[in-house]
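Please look over the notes below with the model open beside you. They go from the domains to the ligand and then to a sheet.

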Amino acid sequence: METLCVVGTGYVGLSTGACFADLGNRVFCLDIDEEKIANIRQGIMPIYEPGLKELVERNIHAGRLFFTSDYSEALKDSRYAFIAVGTPSGVDGEADLQYVRQVAEMIADTVNHQLIVINKSTVPVGTGDWVAEIINKRREGSPLAFSVVSNPEFLREGSAITDFMSPDRVVLGSEDRQAANQVAQLYLSLRCPIIITNLRTAEMIKYASNAFLATRISFINEIANICEELGADVREVSRGMGADKRIGNAFLDAGLGWGGSCFPKDVKALAHMAVLHGTQPQLLQAVMDINRNQRRRVVMRLRKELGSFQDKVVGILGLSFKPNTDDTREAPAVELIHLMQNEGAMIRAYDPQAMEVASRHLPRVQMCSDPYQVAEGADALVLVTEWNEFKNLDFEKLLQVMRKPVIFDGRNLWEPERIRSSGFTYLGIGRGTSI
Ligand SMILES: NC(=O)c1ccc[n+]([C@@H]2O[C@H](COP(=O)([O-])OP(=O)(O)OC[C@H]3O[C@@H](n4cnc5c(N)ncnc54)[C@H](O)[C@@H]3O)[C@@H](O)[C@H]2O)c1
């Protein structure tokens, strides 16, 4: 049993802390947001993540999981300090490291025993060295014995707990091999491959992985747009491609493009790093352009179908950037809504989990209690997030309440023939009909 501290109690930090506690460790979760900490202590989770609440409560009751805003309390007995604070996009697309800096400074000001600082936040290559520099500079005169390890996180929102407990691999990077080995011990019970590299390589593995996944999505979206013009069906194309073991079928679903709290900022940050160091990130640039155009293309196709958006009512199904999360950061729905509102559309929406979060930055959207209320008087219904509960809607019932029978299936969730036979005009992504 080890004592460790996880700094930042967001999607990554809270899941990581709860999982490490469940593996038998004593874990202090630390956040500067005191309200968040007070709520978690009372069993109110700051995010929706399947299984998280039960895991947190179980480990609090077992006396292994603690929540605090006090750095001294969290770090007093901890031999490991995981950094899991946000690294949002800065003005030029670079990663904003202000929160990481704050944590490094607080560690330098608080700790007086040997410590391994482990970076879980997604940070530009070289940040591990920079964190060490900050701590060393602040401790001039009374040096701190510490090592820095990069441990990028690959969990996905919506399946964070399962992903943490059954990872494809754990990546650890450090110039101090012994420190990396010590961190590896924390993961041994997960029985997964552990890849140990130098610090900068580990940092790059995270960016390269996210950029590659975003590339696959932009690739299939580009293919989808060609399919649409040529009478091919991208769903079948994906199936045919994905059956090839060299390709595989993950991240090969055409749709409204990638969003969320990671891909957009990470692809941008990697491109920014490349330019800063004199290389031309041509592919990354194209990947981002295709993604941006994917949303605009949907708006263009809907405008064509409706004549214009002026005074039209558009119903949106799904606001989170993907199912099983309430995260709406860079969600396709948010951009689509803004684009259509700018052209005069009135928006009604429903999401099983994300309406409370979304209504904070979408004040002009009328939130509804279910898909059928969304459809009332609507000129078009757009499926944006493929939540399970949208799979089997009663299309006859929807038809009765809509003003115009137009459905845009932004995730290719439904069978076009089924929808058309109910009397709708069906628009999907890359589902060309034979010419
Ligand atoms: N969300 C994901 O799915 C995911 C997956 C892999 C990696 N990551 C990376 O992990 C990092 C964290 O992402 P997230 O989505 O969990 O962020 P988040 O915004 O949900 O949470 C960050 C937390 O850090 C806290 N914080 C900020 N400054 C602090 C400080 N000085 N001291 C203590 N707490 C502080 C905030 O209050 C917040 O609660 C990012 O770098 C992200 O790119 C995220």
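1. Domains. The chain is assigned domain 1 (3-197) and domain 2 (212-427); such bounds come from an automatic or database domain assignment. Taken over C-alpha atoms, the centres of domain 1 and domain 2 are 33 Å apart.

2. Basis. This is a predicted model: local features need pLDDT of at least 70, side-chain atom pairs count only at pLDDT 80 or more, and totals for chains, interfaces and linings use all residues. Residues are numbered from 1 along each chain as its sequence is written.

3. Domain contacts. Domain 1 puts 17 residues in contact with 15 residues of domain 2 (C-beta atoms, placed from the backbone, within 7 Å). The domain 1 side comprises 8 nonpolar, 5 polar and 4 charged residues. Ala, Val, Leu, Ile, Met, Phe, Trp, Tyr, Cys and Pro count as nonpolar, Asp, Glu, Lys and Arg as charged, and the others, Gly among them, as polar.

4. Ligand shell. The ligand is surrounded by 26 residues (C-beta atom, placed from the backbone, within 6 Å of it). Gly8, Gly10, Val12, Ser121 and Thr122 are the closest. The shell has 11 nonpolar, 10 polar and 5 charged residues. Helices α1 (11-22) and α5 (98-110) each supply at least two of its residues.

5. Sheet. An open sheet of 6 strands runs β11-β10-β9-β12-β13-β14, with parallel pairing. β11 (366-367) and β14 (425-427) are the edges; each has a single partner strand, so one side of each lacks a neighbour in the sheet. Helices (H or I, at least four residues) and strands (E, at least two) are DSSP runs, numbered from the N terminus. Pairing takes at least two DSSP bridges between strands.

6. One pair. β12 (380-383) and β13 (406-409) pair in the parallel sense over 3 bridges. Leu383 sits opposite Asp409 in β13.

How values were computed:
Contact = placed C-beta atoms within 7 Å.
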